Amino acid sequence: MHIMEGFLPLIWVIIWFALSMPFVLYGIIEMRKLFREHPEQKMILAVAGAFIFVLSSLKLPSVTGSSSHPTGTGLSSVLFGPSITSVMATIVLVFQAVLLAHGGLTTLGANVFSMGIAGPFVGWLAFKGMRKAKAGMTPSIFVAAVLADWATYVVTSIQLALAYPGANILSSFAAFATVFAITQVPLAIGEGILIAIFFDFLASSRPRMVASILKEKAGMATPESQGAAQ
């Protein structure tokens with residue numbers, strides 16, 4: 001999904017930086033508030049960030065100028081919300097661009113918008129919707145992780161289609177999305193299963209902290225989390 005260095009025209013470099021910057025700045029404010037009020041949650045936040053780094057570094061060749069891989073943002077978006085996840089994803093994307101030549105600094109704004117903002121926001125909405133519909137915690141985590149991944153690639157397809165529309169933007173979008181779908185549909189399902197299993201482990205090993213985070217950040221105390229906190 002990472003759009004490689006120098007692939008986007010200058011106008012789209014500027015536009016995606018301008019669109020991403022307010023979200024990341026708000027996320028920094030939220031993260032500082034989290035550190036000030038709940039310093040004990042730093043460890044789980046670091047684990048969520050490491051999850052994003054490791055999973056999104058497992059890239060496969062895909063559309064020219066991009067790649068396919070899990071995004072790992074579902075866990076962070078469920079636990080800490082999309083704003084803080086945008087900061088975590090930005091840090092990961094900078095390290096990957098500088099140290100791994102994965103993505104790029106000129107395409108950082110576009111990559112942050114797709115993987116750090118759009119994907120986590122969709123995952124967070126899906127999680128809240130599933131919980132309000134009385135779905136279980138495990139399927140809610142699974143669906144949030146899968147949709148966060150797919151939304152990221154839909155937005156990346158839009159970004160590429162806007163930059164290189166060819167004869168028609170819609171047909172260009174369909175071409176990019178179709179190529180991504182070949183690898184991303186099974187990858188996202190595998191990512192959803194992995195994150196659901198890891199969340200179950202986290203909730204078992206740190207029940208009080210996970211219960212506290214879900215209550216404060218997702219705005220709901222789940223039956224499972226309430227039980228785990230006892």
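In the predicted model, residues 7–29 are 87% helix and 0% strand, with end C-alpha atoms 31 Å apart. This span is one of those to which UniProt, in an unreviewed entry, assigns the feature "transmembrane region"; the record also places the feature at residues 41–58, 79–102, 108–127, 139–162 and 174–199.

Helix α2 comprises the 15 residues 42–56. The buried residues of α2 are Ile44, Leu45, Ala48, Gly49, Phe51, Ile52, Leu55 and Ser56. Viewed down the helix axis, these buried residues fall within an arc of 150° and therefore line one face of α2.

Helix α3 (residues 73–99) and helix α4 (residues 108–132) have axes that come within 8 Å and cross at roughly 175°. Because angles over 145 degrees count as roughly antiparallel, α3 and α4 are assigned to that class. On the α3 side, the residues making the contact include Gly81, Pro82, Thr85, Ser86 and Ala89. Those contributed by α4 include Met115, Gly116, Pro120, Phe121 and Trp124.

Gln159 is located in helix α5, which covers residues 137–163. The relative accessible area of Gln159 is 0%, so this residue is classed as buried. With neighbours within four places in sequence set aside, Gln159 is in contact with Ile3, Trp16, Ala110, Phe113 and Ser114.

Methods. Residues are numbered from 1 along each chain as its sequence is written. This is a predicted model: local features need pLDDT of at least 70, side-chain atom pairs count only at pLDDT 80 or more; totals for chains, interfaces and linings use all residues. Side-chain values use heavy atoms; hydrogens and water are left out. Helices (H or I, at least four residues) and strands (E, at least two) are DSSP runs, numbered from the N terminus. The expected span of a helix is 1.5 Å times one less than its number of residues. Buried means under 20% relative accessible area, exposed over 50%, partly exposed in between (1.4 Å probe, protein chains only). The arc is that of the directions from the helix axis to the C-beta atoms. Contact means heavy atoms within 4.5 Å. UniProt positions are given in the numbering used here, feature names are shortened, and annotations may be inferred rather than shown by experiment. Axes are lines fitted to C-alpha atoms, for helices over the stretch in contact, and angles run from 0 to 180 degrees between N-to-C directions. Angles under 35 degrees count as roughly parallel, over 145 as roughly antiparallel, 65 to 115 as roughly perpendicular and the rest as oblique.
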